[in-house]
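Here is a short note for a colleague new to this structure. Please read it beside the model.

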Amino acid sequence: MNFYGYKRPDGRVGVRNHVLILPASVCASDTTRMVASQVKGAVTFNNQNGCAQVEGDQQLTMDILAGFAANPNIYGTVVISLGCENCQMNLVVEAIKERTNKPMETFIIQENGGTLTTIERAVRVARKMVQEASLLKREEFPISELIIGTECGGSDPTSGLAANPLIGELSDRLVAHGATSILSETTELIGAEHLLSERAKTPAVKDRIYEIVYRYEKALQMVGEEVREGNPSPGNKAGGITTLEEKSLGCIHKGGHTEITAVYDYAKEVREKGLVIMDTPGNDPSSVAAMVAGGAQIIVFSTGRGTPTGNPIAPVIKVTGNKITYANMIDNIDVDASPVIYGPQTMDQLGDALLKEVVEVANGRLTKAEALGYTEIAIARLCNYV
């Protein structure tokens with residue numbers, strides 16, 4: 001099975017061909033927004049971090065910045081910094097170069113005459129980069145080049161009964177084709193970690209599964225908090241989920257049934273094939289951001305209650321197992337998985353349809369989140385990972 005994508009100089013393959021206007025910190029975010037708004041084909045995001053961070057916390061931000069620039073969906077990057085932030089331009093550039101050799105330009109607001117001059121110069125460079133990107137032709141590649149991130153948000157019982165098992169079916173099929181699937185959200189592995197550990201490829205992977213789960217719980221307990229007081233969320237409870245363990249038992253279905261080949265820290269580059277786990281929080285935008293920074297070209301996102309979540313770099317395919325949610329949020333949801341529960345379609349038939357959906361999106365068809373312009377992100381903070 002093949003798809004049509006863009007070959008990058010670092011050897012990876014993108015399904016989109018964006019130019020990224022990258023804010024090194026919160027103080028550059030408005031400037032990057034104004035640049036991107038003037039350049040068709042450019043994308044950006046609101047970076048609320050990048051300054052006044054301790055080393056470990058800053059590293060999480062740096063990994064997102066470098067990972068976004070390195071994501072295969074990005075043709076090239078224009079980095080804009082204020083000049084005095086913790087995420088200094090030289091650090092950001094070095095981190096990006098460690099991950100990729102794609103085109104990059106840089107501007108420091110304090111050294112370019114201020115906001116207006118920086119915008120003018122950056123717009124010119126970004127437009128030229130977009131023109132260069134437009135010369136690229138899609139080429140045919142095996143589906144093994146894909147990295148798919150899996151996420152769930154606004155879960156209800158239909159997520160665990162239909163949408164997540166359907167995503168798990170997709171995951172198994174992709175792994176069988178030599179591709180990579182990422183299972184995320186450490187908070188929603190709690191109570192099911194023993195089941196996942198039985199599928200670990202090696203003892204080291206098994207130990208890492210337990211490590212990330214216990215580390216997360218301990219981090220909250222050290223500051224007098226308990227993860228179960230905030231998870232399940234009010235929406236989860238309204239949908240019928242009663243405990244975190246119950247939620248986790250539904251969430252892990254996104255990982256299908258294959259062995260787990262590796263466990264990655266937040267936003268680190270994913271190199272292993274097969275099913276992997278990434279240590280992310282349960283917050284959807286920050287978890288999705290981490291998988292995109294890790295290299296995921298597409299996100300498949302289940303939601304029982306419904307959510308409009310998107311991402312500026314990777315298309316997000318929304319799946320629900322709740323037929324009422326599908327009817328109420330038809331503008332936002334791409335795939336109806338409710339026939340898994342009610343019929344008449346079988347899991348095998350719906351698996352075929354979802355795999356086809358992924359290939360079509362990889363070939364360029366916009367998801368509903370993309371068409372609506374949803375690009376929100378968040379970046380995890382150190383308090384989640386001590």
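In which sense do strand S8 and strand S9 pair, and over how many bridges?

1. Strand S8 (residues 147-152) and strand S9 (residues 180-183) run parallel, joined over four bridges. Threonine 150 has leucine 183 of S9 as its bridge partner. Strands are DSSP runs of E, at least two residues, and helices are runs of H or I, at least four, numbered from the N terminus. Strands pair if DSSP finds at least two bridges between them.

2. This is a predicted model: local features need pLDDT of at least 70, side-chain atom pairs count only at pLDDT 80 or more, and totals for chains, interfaces and linings use all residues. Residues are numbered from 1 along each chain as its sequence is written, and side-chain values use heavy atoms, with hydrogens and water left out.

3. The open sheet has seven strands, in the order S10-S11-S9-S8-S12-S13-S14, with parallel pairing. Its edge strands are S10 (260-264) and S14 (335-336), and each pairs on one side only.

4. Helix H5 (residues 157-176) lies across S8, S9, S11 (274-278), S12 (298-302), S13 (316-320) and S14. H5 runs at about 150 degrees to S12. Helix H7 (residues 203-222) also packs on the sheet, touching S10 and S11. The direction of H7 makes about 40 degrees with that of S10. Contact means heavy atoms within 4.5 Å. Axes are lines fitted to C-alpha atoms, for helices over the stretch in contact, and angles run from 0 to 180 degrees between N-to-C directions.

5. The UniProt record, an unreviewed entry, annotates residues 5-134 as "domain: D-galactarate/Altronate dehydratase second". Its positions follow the numbering used here, feature names are shortened, and annotations may be inferred rather than shown by experiment. Over residues 5-134 the chain is 45% helix and 20% strand. The end C-alpha atoms are 13 Å apart.
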